[in-house]
Amino acid sequence: MSSTAPETGGEHKVGEESFEPRIIVFCCNWCSYAGADLAGVSRLQMPPHFRVIRVMCSARVDPEFVLRAFQKGADGVLVAGCHPADCHYIGGNYRTRRRIALLRILLQQFGFDPGRLKLEWISAGEGEKFQKTIVEFTDTVNELGPSPMKGGD
Amino acid sequence: MADKIKIAQYWGAGCGGCDVALLDIDAKILDVHAIAEVVFWPIGFDGKLHEIEAMPDKSITVSFYNGAIRNSENEHVAKVLREKSVVLIAFGSCACFGGTPGLANVTNREEVFQTVYKDTASTDNPDFVTPKPHLTVPEGEVDLPQFYDSVKTLDEVVDVDYFMPGCPPTVNLIAMAVDAVAKHVTEGADLPPKGAVIASDKTLCDECDRERVEKDRRIEKIYQAYEIKADPKKCLLDQGIICIGPATRAGCGAMCPNANMPCRGCMGPTKAVMDHGGSMLSALSSLLNITDSESKLSEEQIMELMMQVKDPLGTFYAFTLPKSLLKRTVTEKRKRKG
């Protein structure tokens, strides 16, 4: 991975080790992945700390996937799907929305800042929204610092 | 008569229910008696650990370990029994997944001591005296087991051959295990493959007699079990009562749902599932009704809808927190501004 993050505003405190967040992004095949692709071909600049995993629908993102990502030390997880009323499978994103809402409550009970899990709607035409989402989410995660799973207990 | 095999039963962080469950097999206990001699069973009789420690390795045929690993003594006995036994069975939900004691993984040693030895109303302990693992007194040295920060499952500390979930394991499952061991001892039959879970591979719904809506299952509102009078024939989940059955392994005969109480998940997840709670969270979220106005709902309204699930961690991981992906709660080091 590249070591520079030109777009992030995440400031590192003096004396603190530099922190490169590890962010997992689940993108649905029909909207958000195309949106990410558009951001890429449009050469929009984004911090390089995220890994995209393509799934057929955001509803394919089993809560287990998110929990597993955090277990493996991810600092943030972003789930991106089609806008409401735009789902390729008609209602997949509505299920996702319910699951992520409940999962955020659960993660908070586990002691995580719920801000480490984000859900965003990004259509195939919204390359700029993809970029903006990544920049903002990276900032949030930078601010939160390393996942409490790392080196805990 | 041929020499009897030796068996042992031990309790770690458990309630004793598993020990009693072993007696629930009624007349089958005579089958056990016919082939086996119990060498160690703290709740049953006065056996001494040093006698077990003095035995040659692998001289106990089967050890049943119930209860989770809460302190260094639990771990030590688990290791001794592992060394001395041919077969070690994690007996009951606590040994398999941490069970109810495992819910203590939402806190830690310091907080547990604070509550138990200081904060409770009936405690008079102004100097906050807490158990010390090692203490020198005029009479000599005294040792107590070290209380761990986290509750662990049996297979986190030793190699486990079989898992028998349930709180406690039901009579049919215990009988199944006793039969398998008896056949192995008397007729030389093969034991199940190592790592086998002595229960069904299906989900609880498969064993439940309640009528389920087969198509377009939708629930409007979530109820706590005490809030409504449940229809005794219909699926509890269809009525809005959180029943962990869809994410839980079968084998118990669906005793709770058949007695009008929702499943709480003591049998743990099925083989295909990594995280019991995550699996149930997914199932439940998908069941809440979606109407035509769904696309107009705000994120706040969705949050409000899902807030109906009170205490998701305690509900979805009632028996399996130490065996879940995250195992215990964590603490964020920094707080976000604003």
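**Reading the labels**

Modeller: Start with chain B: the C-alpha centres of its domain 2 and domain 3 lie 42 Å apart. Keep in mind that this is a predicted model.

Biologist: Which stretches are the domains of chain B?

Modeller: Domain 1 of chain B covers 5–101 + 150–187, domain 2 covers 116–149, and domain 3 covers 204–323. These bounds come from an automatic or database domain assignment. The C-alpha atoms of chain B fill a box of roughly 75 × 60 × 30 Å along the principal axes. Chain B has twelve helices and nine strands.

Biologist: What share of chain B is buried?

Modeller: Of its 338 residues, 40% are buried. For chain A, with 153 residues, the share is 54%.

Biologist: What makes the four strands of chain A a sheet, and in which order do they lie?

Modeller: Pairing does. Two strands pair if there are at least two bridges between them. Strand 1 (residues 23–28) and strand 3 of chain A have five bridges, in the parallel sense, so they meet that cut-off. One bridge joins A:V25 to A:L78 in strand 3. Strand 3 (residues 76–81) and strand 4 of chain A also have five bridges and are parallel. The order in this open sheet is 2-1-3-4.

Biologist: Why are some strands called edge strands?

Modeller: An edge strand pairs on one side only. That holds for strand 2 (50–55) and strand 4 of chain A. Neighbouring strands of this sheet are turned by 20 degrees against each other on average, direction ignored.

Biologist: What packs on this sheet?

Modeller: Helix 1 (residues 32–41) of chain A does. It touches strand 1, strand 2 and strand 3 of chain A. Its direction makes about 115 degrees with that of strand 1.

Biologist: Is strand 4 of chain A mostly covered or mostly open?

Modeller: Mostly covered. Five of the five residues in strand 4 (residues 117–121) are buried. To be called buried, a residue needs 20 or more other C-beta atoms within 10 Å of its own. A:L117, A:L119 and A:W121 point one way, A:K118 and A:E120 the other, and all are buried.

Biologist: How many residues bring the two chains into contact?

Modeller: 33 residues of chain A are in contact with 31 residues of chain B. On the chain A side, helix 2 (63–71), helix 3 and helix 4 (127–144) each give two or more residues. Helix 3 of chain A gives the largest share, eleven residues. The chain A side divides into 16 nonpolar, seven polar and ten charged residues.

Biologist: What do strand 6 and strand 7 of chain B form?

Modeller: A hairpin, with two residues between the strands. Strand 6 (residues 134–137) and strand 7 (residues 140–143) run antiparallel and are joined by four bridges. They therefore count as paired, as at least two bridges are required. B:V137 has B:G140 as its bridge partner.

Biologist: What makes the bond between B:C167 and B:P168 stand out?

Modeller: It is a cis peptide bond, with omega about -5 degrees. Most peptide bonds are trans. B:P168 lies in the loop between strand 9 (162–164) and helix 8 (171–187) of chain B.

Note on methods. Residues are numbered from 1 along each chain as its sequence is written. Chains are lettered from A and ligands numbered from 1 in the order in which they are written. This is a predicted model: local features need pLDDT of at least 70, side-chain atom pairs count only at pLDDT 80 or more; totals for chains, interfaces and linings use all residues. A residue is buried if 20 or more other C-beta atoms lie within 10 Å of its own, exposed if 12 or fewer, and partly exposed in between; C-beta atoms are placed from the backbone. Two residues are in contact if their C-beta atoms, placed from the backbone, lie within 7 Å. Ala, Val, Leu, Ile, Met, Phe, Trp, Tyr, Cys and Pro count as nonpolar, Asp, Glu, Lys and Arg as charged, and the others, Gly among them, as polar. Axes are lines fitted to C-alpha atoms, for helices over the stretch in contact, and angles run from 0 to 180 degrees between N-to-C directions.
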